[in-house]
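Please go through the points below with the structure open beside them.

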Amino acid sequence: MAKPLLKIQRYFRRKPVRFFTLILLYLTAGSLVFLHSGFVGDNGPGARGGRDSLIASEMGSWASSDTRGLGIMSRVFKEKRRSGRRFGPPWMRKARKEGQGVAGRGGDYTSNWNRALKGRNAKDLDDGRAKYIGCYIDDTQKRALRGVSFFDYKKMTVFRCQDNCAERGYMYAGLEFGAECYCGHKIQAPNASESECNMDCKGEKTNVCGGPNRLSIYRLELSQESARRYGSAIFKGCFHRPDNVTLALPISAVIQNMSVDKCVDMCTEREKSLAVLAGDLCYCGFPTPLFSLHELEDEGMCLNRCQGEEFESCGNDKYFVVYQTQVQDNRCMDRHFLPTRTKQLVALASFPGAGNTWARHLIELATGFYTGSYYFDGSLYNKGFKGERDHWRSGRTICIKTHESGKKEIEAFDSSILMIRNPYKALMAEFNRKYGGHIGFASQAHWRGKEWPEFVKNYAPWWASHTLDWLHYGKNVHVVHFEDLKRDLFSQLKGMVQFLGLKVSEDRLLCVEGQKDGNFKRSGLRKLEYDPYTPVMRSNINELIRTVDAALKKRNMSGVPEDYMPR
């Protein structure tokens, strides 16, 4: 036995490379065996926790009502791996077999919420953001709230659910099973006992997030800009009948047993972006100067019960209820380069995070011409900003994005549109972009770590100096405040188009209003639930705001909007 071993030893002494190769192969084989046993053989708590984390990650996204079956399947899958005690109701087995519940129509139980309030004090009911309504029965076949839904099996909180439903314009937010959020405009299920909503929220153990097949429902305080939805359609409001209705809304039909669904479906089939209800008449069309949707009426003028759905309003012969369908208005979608190269270079200047990409989207739709950039961003090019690859001096684009400041860089342009945004919002937007991409979010570790204080220290003074430099060195500066553009898009965008020396097309501007968000709007899904600004930060930023405000007024321009302050 000794002689063969001696021969092997002499062999590897002469060939050390082969020896180390053999050792490396041995270690690699051992590692593969170890990994295989970890994936296949371990059904203990460690493996289970890893898969639960994966499910929670995969389910942390918004889903429309037709994908709720996937959420139920995830809940069943998670419940199956628990210990012998089972909290889930019997319908879970049925949901697993069917995969997806079919939403049916039910009654409106919204007015019955008072019975659920007994035993709760006013502090529990109203936090200024939403009012607790009560515990309600939910069912996969007949959802109590039938808007969008969202699941997060690790970090669901009451605020998170309320915030996302409110942002999407829904009247109610409901939490179920500790981790599920449902939105809707009306409650279509009866009350349940308060004791049946007994599951803690996954992201905050101090609050209740419904229970198995039970919803904790809140009525939301919506902002004016929130869009109210009905299925896939967006509620636009109540409007007075146009003077020439057949010209303003060319397609019409009488519908028996009228409902919102029927009118929306008809206009969607006719490929029109507006569905307009007037009693038993349904009109379809696009926004035009004859029916611009700019003069909103009180919703009480449109109160008239639909024949086919008693809890919906269908308007009347004088006041119309208007919904926006999912049909895209193509009147403003054609874009191309300038037909002849221009020697006049117009900057679209802004501090990072001040809405430059959004402004480019609006300008391209309103003018029909591509915008350029001082930089090159492949993700923007892939999203349709074809002028991104052109050299900024090419003369083929209507204006050029830039975040530059300083005398030399500014004087390279013949004129400029200067975008200014509330620094508190702009700094947070740029921090999210820097650490999460154009529509992503910075992580909690970044917000709570050293990155955020260092970012504010360096970027806040730049917010002020950027604006001051463009006001001082710019040759012909047209100031646009992000907040004004958001509040009054039509007139602000019209002014920008005129500044660019182009003829204004009101039809294009109305088309832009219907698809103003573009591809770079953050969903709000991961909004911070606390104020990241310290008192020292606020003191310094407020001083910078006062400086910019004074500089604008010195040049006979309007100062910064009121919501930038307290001053």
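1. Helix 10 and helix 17 are roughly perpendicular (65 to 115 degrees), because they pack at an angle of about 75 degrees, with axes 10 Å apart. Helices here are DSSP runs (H or I) of at least four residues, and strands (E) of at least two, numbered from the N terminus. Axes are lines fitted to C-alpha atoms over the stretch in contact, and angles between N-to-C directions run from 0 to 180 degrees.

2. In this contact (heavy atoms within 4.5 Å), helix 10 contributes Trp358, Leu362, Ile363, Ala366 and Thr367, and helix 17 contributes Leu489, Leu493, Met496 and Val497. Eight of these residues are nonpolar, one is polar and none is charged.

3. The model is predicted: local features need pLDDT of at least 70, side-chain atom pairs need 80 or more, and totals for chains, interfaces and linings use all residues. Residues are numbered from 1 along each chain, and side-chain values use heavy atoms, without hydrogens and water.

4. The chain averages a pLDDT (the predictor's confidence in each residue, from 0 to 100) of 79, and 73% of the residues score at least 70. Over residues 33–127 the pLDDT is below 50, although this stretch has 153 contacts in the model beyond near neighbours in sequence. Where pLDDT is low, the predicted coordinates should not be read in detail.

5. Strand 6 (residues 200–201) runs antiparallel to strand 7 (residues 204–208), joined by two bridges, and pairing requires at least two by DSSP. The strands form a hairpin with two residues between them. Asp200 faces Val208 of strand 7 across the pair.

Technical notes
Angles under 35 degrees count as roughly parallel, over 145 as roughly antiparallel, 65 to 115 as roughly perpendicular and the rest as oblique. Ala, Val, Leu, Ile, Met, Phe, Trp, Tyr, Cys and Pro count as nonpolar, Asp, Glu, Lys and Arg as charged, and the others, Gly among them, as polar.
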